[in-house]
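Hi everyone, thanks for coming.

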Amino acid sequence: SRKLLMIPGPIEFEPEVLQAIGAPTTSHVATNFINSFGNCLEMMREVWQSPTGQPFIIAGSGTLAMDMAAVNLIEPNDNVLVLSTGYFGERYAEIVKRYGANVTILTTEPGNTIALEKIENELSTKDYKLLTITHVDTSTGVLVNPEPITKLAQKYNTLSILDGVCSVAGEEIKQDEWGIDVVLTASQKAIGVPPGLALLMASKKAMAVFKNRKAPVQNYYADFTNWLPIMQAYENRNPSYFGTPPVNLIAGLEISLKQIVDEGINNRFARHKKIGTAFRQAMLAIGMKLLPNHKNNSANTLTATYYPNNINGADFLKQIGNNNVIIAGGLLPSHKTQYFRVGHMGSVNSNDILATIGAIESSLIACKFQYEQGIGIKTALNIINT
Ligand code: PMP
């Protein structure tokens, strides 16, 4: 039977988005397509809250967006600081190493964030060209507050990259106001489009650093040199070609970005916050423990929850599937079998989250977990209805 997809991406998509993707493919230089592409670029600036940014829409997954930001800004022997709150922070370190940077990684215990003083101490030790932040690390559900970090980066004349794959259009981001140089994401999460698009917004400063680089960009496909004229052409509603754009996905992106803008970006953040809070409080009321160690660093786009003691994770996940909801297991190698993850972003509504909590409760009961049955649903309802 029909199952509700509640993993941290891909997610459930709006029918209008899927319908647009299913329409006949047009030429990538057809007038309507050029117009759609241009509309997407313009709406990205609204969603990113970056009126001065340079948007890029490229066929690829979120990892390509990470790769593009790194390869276009890094030259061999640049100092790069990676702030890691989980699996995707570690991935960023791997990427920047590949391009010859001298990498320093600051990490912390799973569930924690890195103290600001520690970051400032490190920035003051040498000349860092750039730093990376994972806004929401999808492996832990830890949310980092980017603003104080990017303000520090500005103070030390260091560029900042925000991996917003699990946050853009779900958690508050004000790219220009917060002075972030690159905010990147992928289509399959809170942006609400099936997997296949890497989306990236570069500040004026990032574009200037790119233009002044001495070494060539060490990747042909990802080189801004190839893509900047294409983005500019589409924005001016002119035909252009470098690599064939994913025409159907861009038709879906136009619909989804319109829905996001129509909802209102602040209303959208508030919806994610309410549903995220309802889910976390439900898990706590049932008696389970969350990975993030404080409500202030708990993501509103997904939640990572430890299995209760005496519950076998694999059995529990199987029960959830039997209850027609799909959730995800752990991702952090050191804790993989100890927790599960539920995505609640994009099109998610209160019915989806109540159905998910219901499936979790039914599965706990099937696994013979002792607790006050119904308390999760009741707790979530109270929050949803305030
Ligand atoms: N960064 C974060 C925070 C992510 O959650 C993900 C995907 N889960 C990625 C990067 C990589 O994105 P993709 O899987 O689309 O390559």
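Let's begin with a helix pair: α1, residues 15–22, packs with α10, residues 247–263, at an angle of about 155°, and their axes are 7 Å apart. Helices here are DSSP runs of H or I with at least four residues, strands are runs of E with at least two, and both are numbered from the N terminus. The axes are lines fitted to C-alpha atoms, for helices over the stretch in contact, and angles run from 0 to 180 degrees between N-to-C directions. That angle makes α1 roughly antiparallel to α10 (under 35 degrees counts as roughly parallel, over 145 as roughly antiparallel, 65 to 115 as roughly perpendicular, and the rest as oblique). The crossing of α1 over α10 is right-handed, meaning that the near helix is turned clockwise from the far one by less than a right angle.

A word on the model: it is predicted, so local features need pLDDT of at least 70 and side-chain atom pairs pLDDT 80 or more, while totals for chains, interfaces and linings use all residues. Residues are numbered from 1 along each chain as its sequence is written, and side-chain values use heavy atoms, leaving out hydrogens and water.

The peptide bond from Gly9 to Pro10 is cis, with omega near -5°.

Now the ligand. Which residues come nearest? Of the 13 around it, they are Ser61, Gly62, Thr63, Thr138 and Asp163, where "around" asks for a heavy atom within 4 Å. Thr138 places a polar side-chain atom 2.3 Å from a ligand oxygen; a polar contact is a pair of N or O atoms within 3.5 Å. Gln188 has a side-chain N or O atom 2.9 Å from an oxygen of the ligand, and for Lys189 the distance is 2.8 Å, to a ligand nitrogen. Alone, the ligand exposes 390 Å², and the protein buries 86% of that, by the Shrake-Rupley method with a 1.4 Å probe.

Two elements give two or more residues to this shell: α3 (62–73) and α4 (87–98). α3 gives the most, with three. These two helices pack at about 45°, axes 10 Å apart, which makes α3 oblique to α4. Their crossing is right-handed.

One last stop: Ala169, in the loop between β8 (159–163) and α7 (175–178). Ala169 has a positive phi of about 75°, although it is not a glycine.

How values were computed
Polar contact = N/O pair within 3.5 Å; in protein donor to acceptor, adjacent residues only side chain to side chain.
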